[in-house]
Amino acid sequence: MKILVIGASGQVGFELCRQLADTKHEVTSTVMKPEEGSSHLALDLGKIADVSAMILKVKPDVVINAAAYTAVDKAESEQELAMLVNADAVKAMAVAVKELGSTLIHYSTDYVFDGSGSEPRSEDAQTAPVNFYGKSKLDGEEYIRQSDCQHVIFRTSWVYGFHGHNFVKTMLRVGADRKELSVVSDQVGSPTSAKQIAECSIAAANCLDSDGDNVSKYVGTYHLTGSGFTNWADFAKEIFSLGSGFDEKVRGVTVKPIPSSDYPTPAKRPFNSRLDCSRLEKTFGVELDSWQSQLKGVVQEIYSN
């Protein structure tokens, strides 16, 4: 199967390329600015015509879009750029995929919801973004559906990994210099490793490949997060608990739980990011690891490298 990975330099894109390297799939990958000697192709999602041209040139069976504008707070002031990358470029992908008769795997977010209540949301729950980043991601989802291309949309949350910038690496870096950190405790969700997202995405791609005559039964939106729920403060405590086994500098770090009102941000955050992932597990036959188990593996890899 020919797979095109768009956004190979991001957290999920990096894991996708690493895991796909051990498969028989023919993989082409893109980044915005390839380093000298890199095997990645150059693709700027801000240039919509180039997005379509790349897909039509490669002619992949599956396009996995792991690229996005993810600066949640900056999106409030950079709305045009956020919409260009998260919606307009995605629309171009969907149209090109439809023309080829291929399938698009795309990543969205729990931020398409308003974060009210305390129950996990299903894929069919009412969407109502509370910030512009969430709006841009929801518009991208809608463009995919409107295109009528074959697609799998994975909504995920609180993503982190060995590669790239994320909450886990920030906590370990800051905790090495400070013995007390204040972290919000009234936002609840599921930390999700890029490794788990990549594993589920490849499992989905394999289903599409092996059941090519029945791709339509896989088309739709799925929730993909770590199993179980926590808040940011308790997440941070677990990070330091695991990190202390590798680095004495983060031993004894105290996490002070605070309300979101004590840590104002330009973009409002949802308080409830719980997602129901049962549809994903049932359809693709995957079992999601607990967020604690995923975190343990990533922290171990961070320090071993």
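**Ground rules.** I'm working from a predicted model, where local features need pLDDT of at least 70, side-chain atom pairs count only at pLDDT 80 or more, and totals for chains, interfaces and linings use all residues. Numbering starts from 1 along each chain as its sequence is written, and side-chain values use heavy atoms, with hydrogens and water left out.

**S304.** Buried or exposed, I wondered about S304? S304 counts as exposed because its relative accessibility is 56% (exposed means over 50%, with a 1.4 Å probe and protein chains only).

I then looked up its polar contacts (N or O atoms within 3.5 Å, one able to donate a hydrogen and the other to accept it; residues adjacent in sequence count only if both atoms are side-chain atoms). The S304 side chain reaches the backbone oxygen of E301 at 3.0 Å. With N305, S304 makes a side-chain to side-chain polar contact of 3.2 Å.

I also checked S304 against D124: they are 180 residues apart in sequence and 41 Å apart in space, C-alpha to C-alpha.

**Helix 1 and helix 6.** Contact here means heavy atoms within 4.5 Å. Among the residues that meet are V12 and L16 in helix 1 and I197 and A198 in helix 6.

Key. Buried means under 20% relative accessible area, exposed over 50%, partly exposed in between (1.4 Å probe, protein chains only). Helices (H or I, at least four residues) and strands (E, at least two) are DSSP runs, numbered from the N terminus.
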